[in-house]
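Please look over the sequence and the model shown here. A short report on selected parts follows.

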Amino acid sequence: MNWLVSLTIVCLAVHCGTALVQHPEDDLYSSLAFVFDTTGSMVNDYLQLKSHAESIMTYVLARNNSDIKHFVFVPFNDPGVGPVTESFDPKVIMYKLNQVVIDGGNDCPEMGITAVIEALKVVKPNSYIYVFTDAPPKDSRLVYEALDLIQRKQSQVVVLRTDHGCVSTDTSYESIASLGSGNVFDVKKGDISKILNFVKTSMDTNRVNLMSVNIPRKQLKPSPQKLTIDESIKNLQVSVSGLNSNIDVVNPIGSKMDEANGLITDLNLKNVKIINILEPMPGEWTLYITSESSHEIRACGISTKDFDFGFAIGKPKNMSQTSHRPLKGAKNYILIDCPGVKKFITCKIQDLSSDGRTEALPILVFGKNLLLCGPFIPNDNPFYVQVIGMNSYNNYFKRITKTSIISNEPDVPFITSTKRVIGVVGDELHINCHVESLVPVTVTWESLNYPQQSWNFSQSSEIELVISNITFQHAGIYTCGAKNIAGYSESTTNVTIISKPTIAEGNENITVVLPEGGDYSMTCTGYGVPAPKMIWFMNGSPISHYNGKLIIYDASLSDSNVYTCRASNEAGEIEKNYNIVVKVESAISIANESLVIDEQDDVLMNCPLTNMNNKWFKDGVNINDLVYKRADEQHFRQKKRALKIYELDELDGGVYTCMSNNETYSFHLQVAFAPYFVKYQPETMMIGRNETVVFDCKAKGFPKPNVLWRKLESSLPITQWTLKDTEYLENKQILKIHSVDWIHNGTYTCIVKNKLGIEKRHFELYVF
């Protein structure tokens, strides 16, 4: 096998200004998670969550602009966590929520951080996690693991903490919430419903981060905070988590916003205040915020304009060579991709604990929507990356990352690879593996049937395995492994090989000329992996078939058409066309005129000869002789040069001729009559196995009646393809079955019909 590896540029997908290398399927939806403390003191909280959870999930699903499709529920107490439930159906989450037993909780700390970690493991990127508890965490040692997942998943954690008298100085929840630009809302138990009503309408995956500041003290005299709003922002939301907080907002033209000119207060609780402004005008806004305690200020907007970023210790050439966190104690560069910016102005680092103060970094390289800034050595504090530029409307564009960032010691490589790949025989197989590493790394590809090969990279990279002209032997498990100074990790891809469908009878189009009344079977057998689905079409519409065969029974002119057989599977489709032409045989007559008259009707034939001798003949016999033989003077009547026949019957059909001295003129008269059977046959027949049975349905009628045979136990007409060992004789008026067997037991019906009537005959066959 030839291994072809290409190093490709992968555009990192970022939500709300954060870089993330994703599985392709991760781009499709985000998650909403409920993490709930099930100890006994949470009964009131539990009842409020139950009453709102389903309506929140249903509302989010119904919104046209929402990417939240996935829901998660994680219960926890001490020492239990889980089980984790995830589903796309809100009813599944509600079923698990209703099964929760609220009890226990003799000591205050609970396993809250573990529960948050379990939720972060299963949520999709750019998701929302809501934690409900009234106790501090018992597992604070796991905060670092939670922080790493928050940065990798770029998800927001909001903690709703109700008061239960647990005294604790633990700030783990504050650390988790702050890192993800979330909040810890200390609320009364009766306020949970108000918070949930706000949650219902506030989640939006197009949320971009505009400001995130932690103020570690009370602030009774407001200090102005500046916000830059561009025209892409459709909604501005400001939240403050702190005691008796107040928010005043001044727009770019100096007007203070209030409810009369567009300010909406979403929440106004003792420890939480949230305001909202729809369609804010572009420009520089000012926030004046006071609080009687330390407080957290968060401002975000709804916009489709965000930016991607990543860190590297060497100058990266593309996003695939970056990591989501910088290397601790080393010089790092930041690569920024911001499609909404026409001109970059600055790149800054904002320390989360510095009241919003920033440090500008050197700008090294400009490119189309790309900015390389640094180097810088990160300290131990969480920080945001801030980007300022001018957009195509010459308005200032300012964003900060959705989550704050913490530098990291060298960690084992983080691998992202496609979990399942489907290849088609004869095509090329492509398997992508993105390896995130802050330090030099060795990447390997291997599978069960082929030897391992390896490549060395100085930092994060994307490696693509390409195999040409694949066969079924290339199916199996492929492992992408990566090793650096911190350790080894791997990710597997399950490769399934399929093949395009083929048609056993060939795919050449054919034309078939079929006599009227004839039967024809069109066979179309498809092969492929997986087995192809076989469909027959006529005029673009699907039609029924029998085991892949399309059967035309008792063909008529209306059956003339193009019939298409299509074989299709995941690998493709193939078609074969049958052009069916039904040839109708027309009767040849030597008469001057042809007439078809229904039975019991009268007919008048006018002879056009001027010197007619008043003699009419039927099939060469003088009409007068026929009248004499029939003893029916009223049946034929001659009027000058015309002949009238009253109440036609079957015997009146024939050639009628009038004559002059040297000319003749003839009429071919055909009398149409309903069909009738001409022979009796017993309706119940007992036949031994392997003997032959004959069903007789001989009938007369004009026009010539069509004959249809059916078996009561089958919905299909009887043909050689639908019932074995069958044969038709005398234009289908006789059905013969050779070597009868048990499958021939049943009720047989022959149906003869034309435009004037229909007759049926039933036969019971017992095989012994």
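How far apart do the end C-alpha atoms of residues 410-496 lie, and what are the helix and strand percentages of the span? The end atoms lie 35 Å apart. The span is 0% helix and 67% strand.

## Basis of the report

This is a predicted model, in which local features need pLDDT of at least 70 and side-chain atom pairs count only at pLDDT 80 or more, while totals for chains, interfaces and linings use all residues. Residues are numbered from 1 along each chain as its sequence is written, and side-chain values use heavy atoms, with hydrogens and water left out.

Helices (H or I, at least four residues) and strands (E, at least two) are DSSP runs, numbered from the N terminus.

## Annotated spans

An unreviewed UniProt entry lists "domain: Ig-like" for residues 410-496, 501-581, 616-674 and 675-766. UniProt positions are given in the numbering used here, feature names are shortened, and annotations may be inferred rather than shown by experiment.

## Two helices in contact

Helix 1 covers residues 43-62, and helix 2 covers residues 90-98. Their axes come within 10 Å and cross at roughly 175°. Axes are lines fitted to C-alpha atoms, for helices over the stretch in contact, and angles run from 0 to 180 degrees between N-to-C directions. Helix 1 and helix 2 are therefore roughly antiparallel to each other. Angles over 145 degrees count as roughly antiparallel.

Contact means heavy atoms within 4.5 Å. Helix 1 contributes Tyr46, Leu49, Lys50, Ala53, Glu54, Met57 and Leu61. Helix 2 contributes Pro90, Lys91, Ile93, Met94, Leu97 and Asn98. The contact residues divide into nine nonpolar, one polar and three charged. Here Ala, Val, Leu, Ile, Met, Phe, Trp, Tyr, Cys and Pro count as nonpolar, Asp, Glu, Lys and Arg as charged, and the others, Gly among them, as polar.

## Val92 in helix 2

Val92 is found in helix 2. Buried means under 20%, exposed over 50%, and partly exposed in between (1.4 Å probe, protein chains only).

Val92 touches Thr85 and Ser87, not counting residues up to four places away in sequence. Asp380 stands 288 residues from Val92 along the chain. Their C-alpha atoms are separated by 42 Å.

## The sheet 9-14-11

Three strands form an open sheet in the order 9-14-11, with antiparallel pairing. Two strands pair if DSSP finds at least two bridges between them. Strand 9 (225-229) and strand 11 (246-250) are the edges, and each pairs on one side only. Neighbouring strands are turned by 25° against each other on average, direction ignored.

Strand 14 spans residues 283-290 and pairs with strand 11 over five bridges. Leu287 of strand 14 is the bridge partner of Val249. Five bridges also join strand 9 to strand 14. There, Lys226 has Thr286 as its partner. Four of the five residues of strand 9 are buried.

## The sheet 49-53-52

Another open sheet of three strands has the order 49-53-52, again with antiparallel pairing. Its edges are strand 49 (693-696) and strand 52 (726-729). Neighbouring strands are turned by 20° on average, direction ignored.

How many bridges join strand 49 to strand 53? Four bridges join them, and strand 53 covers residues 734-737. Phe695 stands opposite Leu735 in strand 53.

Definitions and conventions:
Angles under 35 degrees count as roughly parallel, over 145 as roughly antiparallel, 65 to 115 as roughly perpendicular and the rest as oblique.
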